[in-house]
Amino acid sequence: MSGAYTQWGIVSSGEGGGRIASTFLSREESPGIDDRVTLLNTNRADMENLMQDADILEEYGDHITIFGPRRGVGNDFAKGEKMAEEHFDVIYDAVTERMLGADALLHVTTLGGGTGNGSIPYLIEQLSTGSNVEGERPEWVQSAVNMAFAAWPYEHEPSQQQFNAVMGLSRLLMRRDVTQNADAVLLASNTHIEKGDDSTDQYDAVNERIVTAIDLLISAGRNAERVIDAEDYIAQPSNIGVYHFTPGVATGLHYDMLDYEIMFDRAADQSFVPMDASTSRAAFAVVRAPAHLVESGEVTKSGVENAFGRWKRDKGISSAKGLSTVTLKPGRGNNVDVLLLLGGFDLNPLLDQSWAEYEETKRQFEQAQKLQNDSEAAISMNEIEQLEENLTRYLEVNGSGR
């Protein structure tokens, strides 16, 4: 860490990721992030509309960087990746200038589209390896943690988006040479988060939940009784080959009426993807409580830690790697918020939302390439099959073979 607390930076690419990231610019303050926010896109009009909607274009327009054709890449993730490779100097300069001194970068994207889904896995690889970087990477870039927060498309979205999501997950998890890519991949399913939410604007409701999870994740490295740094989220799980996670968030829980185990159950029941908590191989817990409850000794690190241990035993995951902590929030009430970060779980319930459409789109792509002898395609059938094989390999390591 570069200071007393973990310094985070938010990097988004594409319209969907930009809507999430722009939230951190529109707030009066974002502890742990400050103004380290960069919004990347290949479509200038989309980004300007987004910033106008958030009423932050005039003040924060310099946080936008456009690369590539300026009219977008449609839903073609391979073209998005190609544009990122061809214009990487523009992206790299924007990210390193805005993120200067960050200990951890959270790369935010949706997996259904082309620009973010194409560029974010490539950007993470380059920041980690520097293979397309001229000169030596700054020391902070070399040491920074690179985590991804990726949103899965809605079930009702077209098959191309479902295909993109499978390909995007593979590339976030593994590079083409079968080595690990992102240090951690946090997943959220739009459809799953939206279930049970009565909000009229589905995208705002989903994005609000994601931003709350990010706030809780970051708070564990700040005013916490036992700080969980960004590196803690990846150190122990990576030893057993686990680096996919999903948040479970429960907010506004009344401390006087619920014990910790029930709070953890509430958070697990509100996980961001369809999953079975008992299949988790890693688990972290963050309890955010009003300062007066912590100062009076009513909420303690040891109390949370012991309860978290009991909860894991009840779920049959007592050996799951991870930590717990208590962090502070302002206010005099007795409501607490809980984040569970569950990792290494069975991914099949999430993949089942898209796999049939993925297979059909792959088949259509293969037929089109044979009929047209399409040597100009941004990605070949062999590359698609390699990405699927990489994902299958990761699933097998985590007991989620298809």
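## Strand β10

In this predicted model, strand β10 spans residues 335-343, and eight of its nine residues are buried, so the strand is largely enclosed by the rest of the structure.

Strand β10 has antiparallel pairings with two strands, β7 and β8. With β7 (residues 244-254) the pairing runs over eight bridges, and Val249 lies opposite Leu339 of β10. With β8 (residues 282-290) it runs over seven bridges, and here Ala282 faces Gly343 of β10.

## Helices α6 and α8

Helix α6 (residues 115-129) packs against helix α8 (residues 159-173) at an angle of about 5°, and the axes are 9 Å apart. Because angles under 35 degrees count as roughly parallel, α6 is classed as roughly parallel to α8.

On the α6 side, the contact is made by Asn117, Gly118, Ile120, Pro121 and Ile124. Asn164, Ala165, Gly168, Arg171 and Leu172 make it on the α8 side. By class, the residues in this contact are five nonpolar, four polar and one charged.

## Positive phi in two loops

Asp34 has a phi near 55°, a positive value in a residue other than glycine. Asp34 sits in the loop between α1 (14-26) and β2 (37-41). With a relative accessible area of 46%, Asp34 is partly exposed.

Arg70 is not a glycine either, yet its phi is positive, at about 70°. The loop that holds Arg70 lies between β3 (64-66) and α4 (77-86). The relative accessible area of Arg70 is 48%, so this residue is partly exposed.

Methods
Residues are numbered from 1 along each chain as its sequence is written. This is a predicted model: local features need pLDDT of at least 70, side-chain atom pairs count only at pLDDT 80 or more; totals for chains, interfaces and linings use all residues. Side-chain values use heavy atoms; hydrogens and water are left out. Buried means under 20% relative accessible area, exposed over 50%, partly exposed in between (1.4 Å probe, protein chains only). Helices (H or I, at least four residues) and strands (E, at least two) are DSSP runs, numbered from the N terminus. Two strands pair if DSSP finds at least two bridges between them. Axes are lines fitted to C-alpha atoms, for helices over the stretch in contact, and angles run from 0 to 180 degrees between N-to-C directions. Angles under 35 degrees count as roughly parallel, over 145 as roughly antiparallel, 65 to 115 as roughly perpendicular and the rest as oblique. Contact means heavy atoms within 4.5 Å. Ala, Val, Leu, Ile, Met, Phe, Trp, Tyr, Cys and Pro count as nonpolar, Asp, Glu, Lys and Arg as charged, and the others, Gly among them, as polar.
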